Amino acid sequence: MKKLLSCLLALITVFAVSCVSPLRQYQYTLNQYNNDSVVRDVPILVDLAFDNQDVIIINAAIAQWNYALNGWLHLHIVGYVFVDDAELTKYHSGWLFVKALSTDKLTIMHDKEQKPGYHALGFVNDIGGNQLFIIRERLDNEQVLGILLHEIGHLLGAQHDEAGLMVQYYNEIDYQCIDENTIKEIAVHEKLPVATLNYCTLD
Ligand SMILES: [Zn+2]
């Protein structure tokens, strides 16, 4: 009887914990980096307007993508630049991450593409492009990582999807990690063998 009671208590405890946490746990596949992989370097310039805390989050997003890409592509920050209109029109061999404002003309343009009552939180210059914009003033600190993961997905060639990281409108569950559908789409775009990449599954 005592054992039954303690089991019951344990069950209630687990249930309570899962109710308290709004996020489901995710796990990544464990494919190891293969030395035969072709490494393509993706150098990234980061807007000086981001503060140190944001740069830490940008590095966390890059690290998560590098884990998923498993050595085939290597994303890394190479420097920090002052971003103005001239910088945006300049040729960059790598990527540029920009801290956009609500009042920027590009932001206003993307806001017009949203459904009524919604506004853009981030955007890229193109699917498979090389410029990523975060409208930082519209984001809580805990939303920045997810928006970065999603927008990097676009730079790597992913379109919007019905569910998972590439779903069009932000939600904290779908935007927490790089799921199988997203990695499959990127494998096609980047011509990578999908079985050698990593992706997350939710418990
Ligand atoms: Zn998107």
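1. Strands here are DSSP runs of E with at least two residues, helices are runs of H or I with at least four, and both are numbered from the N terminus. Two strands count as paired if DSSP finds at least two bridges between them.

2. Before going on, a word on the model. It is a predicted one, so local features need pLDDT of at least 70 and side-chain atom pairs count only at pLDDT 80 or more, while totals for chains, interfaces and linings use all residues. Residues are numbered from 1 along each chain as its sequence is written.

3. Strand 5 and strand 6 run antiparallel and are joined by three bridges. One to look up is G122, whose bridge partner in strand 6 is I134.

4. On to the largest nonpolar core, which has 48 residues. Such a core is a set of buried Ala, Val, Leu, Ile, Met, Phe, Trp, Tyr and Cys residues joined through C-beta atoms within 7 Å. The members touching the most others are A61, W65, F97, L148, L149, I152 and I178. Helix 5 gives the most, with seven residues.

5. L149 is a handy one to click on. Leaving aside neighbours within four places in sequence, L149 is in contact (C-beta atoms, placed from the backbone, within 7 Å) with A61, Q64, L165, Y175 and I178.

6. Most residues other than glycine have a negative phi. N70, in the loop between helix 2 and strand 3, has a positive phi of about 55°, and so does K191, in the loop between helix 6 and strand 7 (200-202). N70 counts as partly exposed because it has 18 C-beta neighbours inside 10 Å, whereas K191 counts as exposed because it has 9. The cut-offs are 20 or more other C-beta atoms within 10 Å for buried, 12 or fewer for exposed, and in between for partly exposed, with C-beta atoms placed from the backbone.

Notes
Contact = placed C-beta atoms within 7 Å.
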